[in-house]
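Dear colleague,

Please find the structure below, handed over for your records.

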Amino acid sequence: MLGDKLFALTKSYVKIHGIVHMPSGDDFDFSQRLRAARDFRGLTQATLAEAADVTVTTIAHFESGRRRPSLANLHAIVTALDIPADFLLGRISSPTGRSSTDQLSRLLDTYTADHRALIEV
């Protein structure tokens with residue numbers, strides 16, 4: 001119950017600020033981090049599944065905690081989401097890999113992957 005409320009609060013924070021800061025440790029597990037990252041990128045389970053070349057059921061199982069991804073699926077998901085695997089694994093607290101307090105990082109996070117690629121060149 002508390003986890004659901006905390007997740008809803010985090011989801012609202014993502015939508016308002018375009019960033020997410022997740023506590024490290026056992027407060028959030030892989031399934032919650034995956035859902036937060038998907039919401040952060042504004043994707044549905046279906047669009048993420050298509051981008052990662054897996055089934056919608058596979059994404060649903062990962063988000064519900066019924067299954068854990070293989071290394072190949074993890075790679076496909078983080079590539080599709082354009083986030084570091086360390087976020088999903090709980091090693092860092094930001095899906096961008098950058099400090100959420102950095103104004104430039106927050107601005108970059110509002111751009112699409114294509115726009116970020118142009119800026120980084």
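In what follows, buried means under 20% relative accessible area, exposed means over 50%, and partly exposed lies in between (1.4 Å probe, protein chains only). This is a predicted model, in which local features need pLDDT of at least 70 and side-chain atom pairs count only at pLDDT 80 or more, while totals for chains, interfaces and linings use all residues. Residues are numbered from 1 along each chain as its sequence is written, and side-chain values use heavy atoms, with hydrogens and water left out.

A salt bridge is counted when a side-chain nitrogen of Lys or Arg lies within 4 Å of a carboxyl oxygen of Asp or Glu. The model contains three salt bridges by this rule.

Arg38 is buried, at 8% relative accessibility. One partner of Arg38 is Glu63, with the closest N and O atoms 2.5 Å apart. Arg38 belongs to helix H2 (residues 30-40) and Glu63 to helix H4 (residues 56-64), so this pair ties together parts that are 25 residues apart in sequence. Helices here are DSSP runs of H or I with at least four residues, numbered from the N terminus. Glu63 is buried, as is Arg38.

Arg38 also forms a salt bridge with Asp39, where the closest N and O atoms are 3.7 Å apart. Asp39 is buried as well, with a relative accessible area of 19%.

Arg91 and Asp86 form a salt bridge through their side chains, at 3.5 Å from N to O. Arg91 is exposed, at 64% relative accessibility, whereas Asp86 is partly exposed, at 30%. Through shared partners, salt bridges join Arg38, Asp39 and Glu63 into one network.

Methods:
Helices (H or I, at least four residues) and strands (E, at least two) are DSSP runs, numbered from the N terminus.
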